[in-house]
Amino acid sequence: MKTINDFNFKDKKALVRVDFNVPQDDQLNVTDNTRIVAVKPTVEKILKDGGSVILMTHLGRPKGEVKDEFSLKHIKDEVSNVLGQEVKFVEECVGEKAEKAASELQPGEILLLENLRFHNEEEKGDEAFAEELSKLGDAYVNDAFGTAHRAHASTAVIAKYFSSTKFFGLLMAKELQAIDKVLKGGERPVTAILGGSKVSTKITIIENILPAIDNLIVGGGMAFTFIKALGGKVGNSLVEEDKLPLALEILGKAKEHNVKVYLPSDAIIAESFNNEADRKEADIYAIPEGWMGLDAGHKSRDQFNDVLLNSRTILWNGPIGVFEMSNFAGGTIALGDSIAEATSLGAFSLVGGGDSVAFVKQFGYGDKVSYVSTGGGAMLESLEGLELPGVAAINN
């Protein structure tokens, strides 16, 4: 893997693709700077070498139009605060203004370009646009794992203009190493936890990871499709009726790979999808009509805990209950506790996917697991076994 550690950036301008697509409040203030903090080591390494950094990113979905609310001028101060020095800003990413700002940049300085997606050519992967961007730097660094699954001009096409000076940033390298650690070099037993609402969104992940894992814990709404396929009564719980045969097929494939599948044995059920609804605990195979499962029950939590404490490598993608509602967050909290304890005992734990990451941040598990992925879609596609365009561009 060719990373920035393989190059000295002295007197070089590094064009760094980052993912600063950060959440903002009504006043456009950054409300979560995690993605900015994540690229700090890459920026610091380049500056320490005596190079300069030109940051390029997208923000939101302006769809090729210049819209003030999506301007990066609104996040410039936060980027400066996080990186510990004043960051310059230019209100274009290509053209004369951008080229002038880049040419005037001195070693040790940082320049932030305007939103790439103010140009339609970015998402189209336009070669001429990529070439225009490439003129701004001497080297190209991709440190935007969150957009590595997109074949955009700044993530995949631009690399061709830097045949010998294209590198992975330190964040990107950590992301790829964490996934490899699970799928290729995981110390056994390896346990994958897949939650969330639908089996259909996880089919290719399951099929790809089966050869690499020993245990598969299935939770959340998708578990009810498996339970019904096995003949259980699930009441009004979420079920993908057209995926019942697929659920049985997955269980068959798991058996072929000697993977033990753990489904919930009980559930916290409610009369409606509402935090204040009447609720009780029930056998997951015998949920009464008019009731729906919204969280894993206590027996399931204990069972999952036993599996996790005996695991050496853990992959977690998707909650096992509706954690957004306090009365149905207990199962996912228990799961987080189990993973945290396993990690403290020496297991490697990787958390990825939007809802899992949101849970980890909201409930303070970020420093209790080994690694929290910054890329939702990119991580899922990696787990599906797909080569990401942004990764292929550096490797090839």
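Is Ile206 buried or exposed? With a relative accessible area of 1%, Ile206 is buried, a class that means under 20% relative accessible area, as against over 50% for exposed and values in between for partly exposed (1.4 Å probe, protein chains only).

## Basis of the description

This is a predicted model, in which local features need pLDDT of at least 70 and side-chain atom pairs count only at pLDDT 80 or more, while totals for chains, interfaces and linings use all residues. Residues are numbered from 1 along each chain as its sequence is written, and side-chain values use heavy atoms, with hydrogens and water left out.

Ile206 is found in helix α9 (residues 203-209); helices (H or I, at least four residues) and strands (E, at least two) are DSSP runs, numbered from the N terminus. Leaving aside neighbours within four places in sequence, Ile206 is in contact (heavy atoms within 4.5 Å) with Leu194, Leu216, Met222 and Ile250. The C-alpha atom of Ile206 is separated by 41 Å from that of Ser80, which is 126 residues apart from it along the chain.

## Nonpolar cores

A nonpolar core is taken here as a set of buried Ala, Val, Leu, Ile, Met, Phe, Trp, Tyr and Cys residues joined through side-chain atoms within 4.5 Å. The largest such core has 107 residues, and those with the most contacts inside it are Leu55, Leu113, Phe145, Phe226 and Leu350. Helix α8 (residues 170-183) gives the largest share of this core, seven residues. Apart from this core lies another, of 22 residues, among them Leu308, Ile314, Leu335 and Val360.

When residues up to four places away in sequence are not counted, Phe145 touches a set of residues including Met172, Glu175, Leu176 and Ile179, as well as Ser373, Thr374, Gly375, Ala378 and Met379.

## Aromatic pairs

The structure holds nine aromatic pairs, where rings of Phe, Tyr and Trp (its six-membered ring) pair if their centres lie within 6.5 Å, and planes under 30 degrees apart count as stacked, over 60 as edge-to-face and the rest as tilted. One of them joins Phe7 and Phe9 in an edge-to-face arrangement, with 4.8 Å centre to centre and 80 degrees between the planes; Phe9 is buried, at a relative accessible area of 0%.

The rings of Phe359 and Phe363 have centres 4.6 Å apart and planes at 25 degrees, so this pair is stacked. Phe359 is buried, at 0% relative accessibility, whereas Phe363 is partly exposed, with a relative accessible area of 30%. Phe359 and Phe363 also belong to one aromatic cluster with Trp316, Phe323 and Tyr365.

## Backbone features

A cis peptide bond, with omega about 0 degrees, joins Arg188 and Pro189, and Pro189 is found in the loop between α8 and β7 (190-194).

Positive phi values in residues other than glycine occur at Asp11, where phi is near 60 degrees, and at Asn258, where phi is near 55 degrees. Asp11 has its place in the segment before β1 (13-17) and counts as exposed at 54% relative accessibility. Asn258, which lies in the loop between α11 (244-256) and β10 (260-262), is likewise exposed, with a relative accessible area of 66%.
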